[in-house]
Amino acid sequence: MSFDNNNYSFRNQEYGVTDRLFPTPNAVGVEGCTVTEDWEIVLPASSSRLVDYYSHDLLRFLSRGFGLCPRLRFTDQFQDSVKDPYHKILLLTEADMSTARIESEEPGAFHITVTKDYVLIIGKSERGTAQGVYYIEDRMRLFGKPLIRIEDLEHAPLFSPRMTHSGFELDTFSDSFLEACAHAGMDSIIVFSGNPDTNFHGFPDPNALWPGTGRAYCDFNHLIWRAEGYGLDVYIYSNFICDVHPDDPGAREYYEKSFGTLFKKCPKLKGIIFVGESFEFPSKDPHTSGIRHQLKPKSDPRPSPGWYPCEDYPQMVTMVKDIIRAYNPTADLVFWSYNWGWAPKEARLSLIEKLPRDISLLITFEMWEYLTDDNGQTYRIADYSLSFPGPSRVFMDEAKKAKELGFRLYAMGNTGGRTWDIGSAPYLPTPQQWQKRYEALCEAKSIYGLCGLMENHHYGWMPSFLDLFAKNAFTSNSVPNAEMLTAIAKRDFGKSYQTVLSAWKEFSIGISEVVACNLDQYGPYRSGPTYPLTFLQTEKDLHIPFVEWAWHPRGGIWKPIYPDTVFDNVDDSLMRLRHVSSVTEHFRIGVERMEAVANELSFSHGSEQSRQIAVARYIYCSYLTAKHVMLWNIAKRLLFFKRENRFSSRIDELLSAISAEMYTEEHLAACMRAIAEAEKENVAVALDCWQEDSRLGFEASMEYVFDSEFASWKLKEIDVSLKQLDEYLSSNSTNPLK
């Protein structure tokens with residue numbers, strides 16, 4: 001694959017740096033403390049890398065944002081500064097102040113005192129002080145001036161850990177990206193591993209648990225050391241092969257070589273995450289095949305162990321826990337119930353009852369829920385989706401049991417801003433819908449004791465305007481969510497903020513109408529505008545320009561041949577088309593509003609505002625592609641159906657859905673040509689978006705799935721399909737895809 005200059009250019013950004021900021025309406029009428037050139041930043045002398053980072057981060061922020069260069073002073077006599085705090089920003093910890101008392105036990109908690117003349121930040125630990133620094137930076141960004149509102153409050157994270165994969169590159173965390181994670185309020189990063197010294201980055205490895213997941217050497221201890229300098233912990237996401245049952249002879253020695261070696265070499269790892277599909281073992285549970293997914297005979301209809309709450313999983317978890325805790329007594333073992341939400345409630349809860357209590361239980365927040373639309377049709381949330389804020393019945397059942405038994409409870413909430421509703425956009429600009437998710441998670445904290453969040457899975461997190469919105473929602477004594485959202489809109493779009501809020505509202509309504517089914521989540525929603533309109537092609541005919549080093553190469557996580565046969569379930573096909581048409585319309589309206597703001601305010605190319613608009617427009621293009629794919633597929637199936645002289649009472653409904661005037665081959669072909677031309681125009685628009693923001697089309701586990709080369713491939717494939725359509729019409733063939 002050739003490299004465009006635009007590809008990967010997002011990696012050249014300094015994520016933690018903000019250029020000069022301009023006044024916004026948020027600064028009007030605010031009583032606060034204004035930092036000036038004669039101020040100084042004072043903190044105790046320390047050799048801590050985190051202290052060194054956050055003190056210089058604040059200095060850099062004031063310098064780059066406002067042209068201010070206050071004095072930075074480390075001192076052993078900081079008590080004198082506390083007694084005379086005039087024109088000082090004092091950065092301390094609870095340990096520095098014998099009279100201070102932070103009520104929260106969370107390391108990231110802090111107390112901030114702001115008067116007109118000074119700022120005092122006292123952290124529960126250095127991590128808390130760091131969050132206090134980011135807090136005042138955030139407020140100055142909102143105001144567009146070095147102004148901090150007067151207050152005297154304690155702030156503490158409502159959830160810890162808040163852990164994220166890298167959206168920068170699979171398992172890769174630059175210093176700048178680590179800074180961004182910390183500023184966003186996250187306190188942990190996640191790295192895949194299937195071997196004590198390797199992560200998932202490199203070319204295919206046939207000996208890995210998942211053959212496409214090439215592995216490369218990773219110095220985990222160095223990553224832990226670097227992350228520690230930004231106040232972040234490191235979790236391993238396990239993909240270790242587990243082909244021995246804990247009852248088998250030599251089982252402990254077998255797992256000592258993998259999990260034991262990992263934690264012996266890296267005793268400062270915070271913890272490890274286990275999920276069914278990559279923590280399979282030869283279970284003896286008769287409900288399963290007893291052999292992992294990769295080796296299971298196709299003739300066996302039973303699920304492999306990773307997709308069922310096996311009765312002997314507790315034995316497996318206990319053995320691995322004992323091995324790991326011998327090297328790290330406080331290691332956080334996180335067991336995730338993602339894969340078997342479909343299974344009977346009794347089986348799922350029975351497993352939870354038998355698990356050791358000194359581990360953490362992770363439950364996906366929204367999956368497996370059945371919803372009914374306005375037409376009375378039922379559909380299921382198949383995988384990660386914001387269309388349903390949650391919690392699902394599966395989550396509530398398992399969370400209730402976890403609370404009864406005293407487990408630490410975590411949720412996979414996609415709170416990093418992206419889901420599988422759109423796979424190749426860096427975030428979903430749907431804040432009003434995210435607010436519903438945030439509030440539901442906070443309520444789950446109150447009801448079930450939810451205390452930790454997994455922010456995303458392999459697709460990772462990318463910085464966006466949502467970060468402050470989420471951090472505010474997940475911090476005690478914060479401002480109301482709606483107030484914060486308005487402040488962010490004012491910060492980024494000034495006097496046009498109300499129009500932007502209404503655009504975000506349209507996007508939020510649109511995302512709520514998405515049907516999160518496998519057919520589309522593993523299809524056009526995953527690849528966006530790259531998804532082809534095929535006619536007679538097979539998967540082997542499609543030479544998709546993937547890079548070889550992607551974790552999910554060659555379309556491994558999306559199916560490029562749309563599998564919907566329409567007539568197998570006409571109601572479902574029409575429902576999904578109806579929903580995606582509504583989603584597309586809401587995004588069209590929202591994008592038009594944002595573009596009107598752009599015309600009014602004349603944003604420069606590459607500005608944050610222009611990138612936000614490009615993201616929204618790209619998502620619109622992705623949903624329009626999905627709509628075109630469904631329309632094309634219905635027309636194609638009708639065409640084949642017509643030539644076979646078959647009959648269905650639903651023909652008129654289907655013709656109406658695709659706006660075909662008559663049920664003739666000529667009219668169906670004309671409909672398909674119109675869809676193809678519309679999709680060509682859509683690809684061109686999406687390409688303009690990608691030129692504006694190189695994060696578009698990229699997803700860490702797939703690398704790029706849309707860029708100029710993919711666009712060129714897509715357009716050529718449309719032409720192939722149109723040529724095949726013409727050849728089909730001139731032949732006597734019946735449906736060759738039967």
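Ser-659 sits in the loop that joins helix 18 (651-657) to helix 19 (665-692). The model is predicted, and in it Ser-659 has a positive phi of about 60 degrees although the residue is not a glycine. With a relative accessibility of 60%, Ser-659 counts as exposed, because the cut-off for that class is over 50%.

A second residue with such a backbone angle is Trp-368, whose phi is near 75 degrees, a positive value in a residue other than glycine. Trp-368 is placed in the loop between strand 16 (360-364) and strand 17 (370-372). Its relative accessibility is 17%, so Trp-368 counts as buried, the limit being under 20%. These angles deserve mention because most residues other than glycine have a negative phi, and most peptide bonds are trans.

**Cysteines**

How many disulfides does the model contain? The count comes to zero disulfides. Cys-33 illustrates this: the nearest cysteine sulfur, that of Cys-69, is 18 Å away, whereas a disulfide requires a pair of cysteine sulfur atoms within 2.5 Å. Cys-33 is therefore in no disulfide. Cys-33 has 0% relative accessibility and counts as buried. Cys-671 is also buried, with a relative accessible area of 10%.

Ser-610 is part of helix 17 (residues 608-643). Is Ser-610 buried or exposed? Its relative accessible area is 14%, so Ser-610 is buried, this class being under 20%. Apart from neighbours within four places in sequence, Ser-610 is in contact with Phe-603, Ser-604 and Glu-692.

**Accessibility by residue**

The table gathers the relative accessibility of the residues discussed above.

| Residue | Relative accessibility | Class |
|---|---|---|
| Cys-33 | 0% | buried |
| Cys-671 | 10% | buried |
| Ser-610 | 14% | buried |
| Trp-368 | 17% | buried |
| Ser-659 | 60% | exposed |

Read with the backbone angles, the table shows Trp-368, with its positive phi, as buried, and Ser-659, which also has a positive phi, as exposed.

Conventions
Residues numbered from 1 in each chain as written. Predicted model: local features only at pLDDT ≥ 70, side-chain atom pairs only at ≥ 80, totals over all residues. Heavy atoms only, no water. Buried < 20%, exposed > 50% of the residue type's maximum accessible area, 1.4 Å probe, protein only. Helix = DSSP H or I, 4+ residues; strand = E, 2+ residues; numbered from the N terminus. Contact = heavy atoms within 4.5 Å.
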